[in-house]
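Biologist: I am new to this structure. Could you show me how to read it, feature by feature?

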Amino acid sequence: MPDYSIRPLCFSHVDLPREFFGGVPIHSGEGVSASPMIYVLVSGQDDAGVVHHYLVDAGFHADKWIHRFGFYDWEPPETVLGKVGVSPEQIEKIFLTHMHFDHANNVRAFENADVFVQWEEYQGWLKALALPDLYTPLGEESWITSSFDRDDARVFGELARDHRLKFVGDDDELAPGIRGHLSKDGHTFGTQWISVDTSGGRYVVAGDAVMWYSNVEEMWPSGYTNGNTYSMLMTYGEIHRYLGGELDRIVPGHDTLVFERHPSWTVGPNEVAEVHVAGWDTSLRPTT
């Protein structure tokens, strides 16, 4: 039976109105809160004792995004992964939950990794980028590209050229015990949430299929989306059922509560959490 360690890693923070993640109007007027930017290290050991490291999402690198949204505490992958004894070169696979810049923009930092993305997601963004100027009156800051870096289309083309881009469908196995589940037209055209089997049961690394725990706990879609809020709601229900209502087994895309509901510590400006430590592994949490 596969057994994975699951470690969410914060690489930056952003201050945004609470309704951005929690939903309107239910969280409107509650002010601004700090939210983490997260990618998740998933580590497993094969029968030969070799450890394999995978990453759910890749974060972003572009300076223009830092300035546009006021991100702070940004750290590069070598610094973030180094906190748990891993280097970017050791990442073998990246499972992208979707292609928004804050989840996909930094794939080039992981030079040895194959990149897995839902076909529905990829073709959806290519169609969106081909829309006429009518739909982008504000240029790149128009709604359709408000969270998508046009330059990433070229990067993904290069990954395809180099046979490192892998298209997947709903419920495909991405690695032993790890599956991608399609949320078609949910947060984006083809968002996927990632299920991970462990000796302690199932976990879900949700990306923005669940931005905050409150999305599922209150059954209320987030305030920002490029998709369909009803489809998002149906995805919440699917994940709820998949986990038998054990919602702490979700790793949301941007919820600071993940570092309160699971063992965590802070290195530099950003947090590290251990959602599950595999039987073959040992906790990396400092003892003092």
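Modeller: Start with arginine 161, which counts as exposed at 56% relative accessibility. Exposed means over 50% relative accessible area, buried means under 20%, and partly exposed lies in between (1.4 Å probe, protein chains only). Before we go on, note that this is a predicted model: local features need pLDDT of at least 70, side-chain atom pairs count only at pLDDT 80 or more, and totals for chains, interfaces and linings use all residues. Residues are numbered from 1 along each chain as its sequence is written, and side-chain values use heavy atoms, leaving out hydrogens and water.

Biologist: Which residue forms a salt bridge with arginine 161?

Modeller: First the rule: a salt bridge is a side-chain nitrogen of Lys or Arg within 4 Å of a carboxyl oxygen of Asp or Glu. Here the partner is aspartate 162, with the closest N and O atoms 3.0 Å apart. Aspartate 162 is partly exposed, at 38% relative accessible area.

Biologist: How many salt bridges does the structure hold?

Modeller: There are 16. One of them pairs glutamate 140 with arginine 68, at 4.0 Å from N to O. Glutamate 140 lies in the loop between α5 and α6, and arginine 68 in helix α2 (residues 63-69), so the pair ties together parts that are 72 residues apart in sequence. Glutamate 140 is partly exposed at 33%. Arginine 68 is also partly exposed, at 25%.

Biologist: Which residues are linked in a network of salt bridges?

Modeller: Lys64, Arg68, Glu140 and Asp149.

Biologist: How do I read a helix?

Modeller: Helices are DSSP runs (H or I, at least four residues), strands likewise (E, at least two), and both are numbered from the N terminus. The expected span of a helix is 1.5 Å times one less than its number of residues. Take α8, residues 229-242: its 14 residues reach 20 Å from the first C-alpha to the last, close to the 20 Å expected.

Biologist: Which residues of α8 are buried?

Modeller: Keep the general idea in mind. An α-helix has 3.6 residues a turn, so residues three or four places apart point the same way. The buried residues of α8 are Ser231, Met232, Thr235, Tyr236, Gly237, Ile239 and Tyr242. Their cover includes β8 (178-184), β9 (190-198), β10 (201-207), α7 (213-217) and β11 (250-252).

Biologist: What sits at the start of α8, and what follows the helix?

Modeller: At the start, a side-chain oxygen of asparagine 228 comes within 2.8 Å of the backbone nitrogen of tyrosine 230. Such a polar contact is a pair of N or O atoms within 3.5 Å; within protein, one must be able to donate a hydrogen and the other to accept it, and residues adjacent in sequence count only if both atoms are side-chain atoms. After α8 comes glycine 244, with a positive phi near 60 degrees.

Biologist: Is arginine 164 buried or exposed?

Modeller: Buried, with a relative accessible area of 18%. Arginine 164 lies in the loop between α6 and β6 (165-168). Its side chain reaches the backbone oxygen of alanine 113 at 2.7 Å. The C-alpha atoms of arginine 164 and alanine 113 are 7.3 Å apart, although 51 residues separate the two along the chain.

Biologist: Which side chain does histidine 276 join in a polar contact?

Modeller: That of aspartate 3, at 3.2 Å. Histidine 276 is found in the segment after β13 (270-273) and counts as buried at 10%. Contact in general means heavy atoms within 4.5 Å. Beyond four places in sequence, histidine 276 is in contact with residues including Asp3, Tyr4, Thr198 and Tyr203.

Biologist: Where is the cis peptide bond?

Modeller: One joins valine 24 and proline 25, with omega about -5 degrees. Proline 25 lies in the loop between α1 (18-22) and β2 (32-45).
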